[in-house]
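Dear colleague,

Please find the structure below, handed over for your study.

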Amino acid sequence: MKLCILGSTGSIGTQALESAENLGIKIGALAAGSRVKLLEEQCRRFKPDRAYIGEKHYGELKTALADTAIKVVTGEDTLNSFGAETDCDTVLNALTGIRGLRPTVACLKADKTLALANKETLVAGGSVVMPLAKKGILPVDSEHSAIFQCLQGQPRPKSLILTASGGPFFGKSKEFLETVTPADALKHPNWSMGNKVTIDSATMMNKGLELIEAMHLFGVSEDKIKVIIHRESIIHSMVVYDDNAVIAQLGVPDMRLCIQYALTYPNRAPSLAKELDFDTLGGLSFYPPDGEAFPLLPLARFAARQGGTTPAAMNGANEAAVGLFLKGKLSFTGISDTVIKATVEHKAIQNPTIEQIEEADKEAREKVLAAI
Ligand code: MG
């Protein structure tokens, strides 16, 4: 295998490189947006043929790698086709947000094996992406990796159960949530992740996005996917079969196991994740989600039922709102207020083109920016 990683300096990207090194997988291409120093280090260590960096930092990386044979490239169009045009057979898309959509489409058209950590791609563009995924998509998100593992060798499931940690504000009231800061929201109890997904976990939007992601990946309707809060993040998700047998995948919360399974599938190999220690595990707890304090999960169900461009609008609004929150320009509850408004007001276009999806995304972002 020769691997290309889009988003190599992010949380998933860096953990993927650790896993690839552990597995002895050759790295063919790396792409990052702005972390030049880290990308340079990665390039020196993993010796890819090509490296992509965001336009602002192109000169810096090109100079830094001048003594190597690595070809440095830049430009938004270049990023879109970067994975598709390498000689790598497998591409891990670990970009954040809707900008992962065009690279995903290009990789699938080029018949690459796609490991997908970029959930926004499927939320916004699932109807465009899935028909292109003739070989299927290898899920990297822990919940979807868990479901994928539980589905091996089994008939079609009756329903899916997505587990959610509940994030740092589990059990808190709407009044409390009005006062939380970005620093509070960035303290996730179990998982080490990037800023965007950590804030999405705190608002429960992450589980809403994952619900729509699961619909596309596994061909299951919204009403057949249950969400349950599971505080310990030990059960990563479950599948229910016709006979009511429930199959769960358990493990310590370590993304490297999920990333690795996408890379070794259908095989397994020793990983960097520790084995679960049942002697010290103690109890596992489960609670229904609180849709009143965390209204973005019910909103995702609404968007899923509306279909068409509505999930793209919701996702775009959320990306914009999370960006504003992290900059201190929007309160925590302001995220859900603005995202709900932009989603409910959106007029869905069914069976959209990729351009219509991007337009819905853009319009929703503008609506959020205009609201503050
Ligand atoms: Mg997840």
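**Helix packing and the metal site**

Helix H15 (residues 310–326) and helix H16 (residues 332–345) cross at roughly 155°, and their axes come within 9 Å. Axes are lines fitted to C-alpha atoms, for helices over the stretch in contact, and angles run from 0 to 180 degrees between N-to-C directions; helices (H or I, at least four residues) are DSSP runs numbered from the N terminus. H15 is therefore roughly antiparallel (over 145 degrees) to H16. Thr310, Met314, Ala317, Asn318, Ala321, Val322 and Phe325 of H15 make the contact (heavy atoms within 4.5 Å) with residues of H16 including Phe332, Ile335 and Val339.

This is a predicted model: local features need pLDDT of at least 70, side-chain atom pairs count only at pLDDT 80 or more, and totals for chains, interfaces and linings use all residues. Residues are numbered from 1 along each chain as its sequence is written, and side-chain values use heavy atoms, with hydrogens and water left out.

H15 also packs with helix H14 (residues 296–306), at an angle of about 150° and with the axes 7 Å apart. Among the residues in that contact are Leu299 and Ala303 of H14 and Pro311 and Met314 of H15.

The magnesium ion is coordinated by Asp141 (OD), Glu143 (OE) and Glu210 (OE), at 2.1 to 2.2 Å. Donors are N, O and S atoms within 2.8 Å of the metal (3.2 Å for Na, K and Ca); water is not among the atoms, so sites may look incomplete. Glu143 lies in helix H7 (residues 142–151) and Glu210 in helix H11 (residues 205–218), 67 residues apart.

With kind regards

How values were computed:
Helices (H or I, at least four residues) and strands (E, at least two) are DSSP runs, numbered from the N terminus. Angles under 35 degrees count as roughly parallel, over 145 as roughly antiparallel, 65 to 115 as roughly perpendicular and the rest as oblique.
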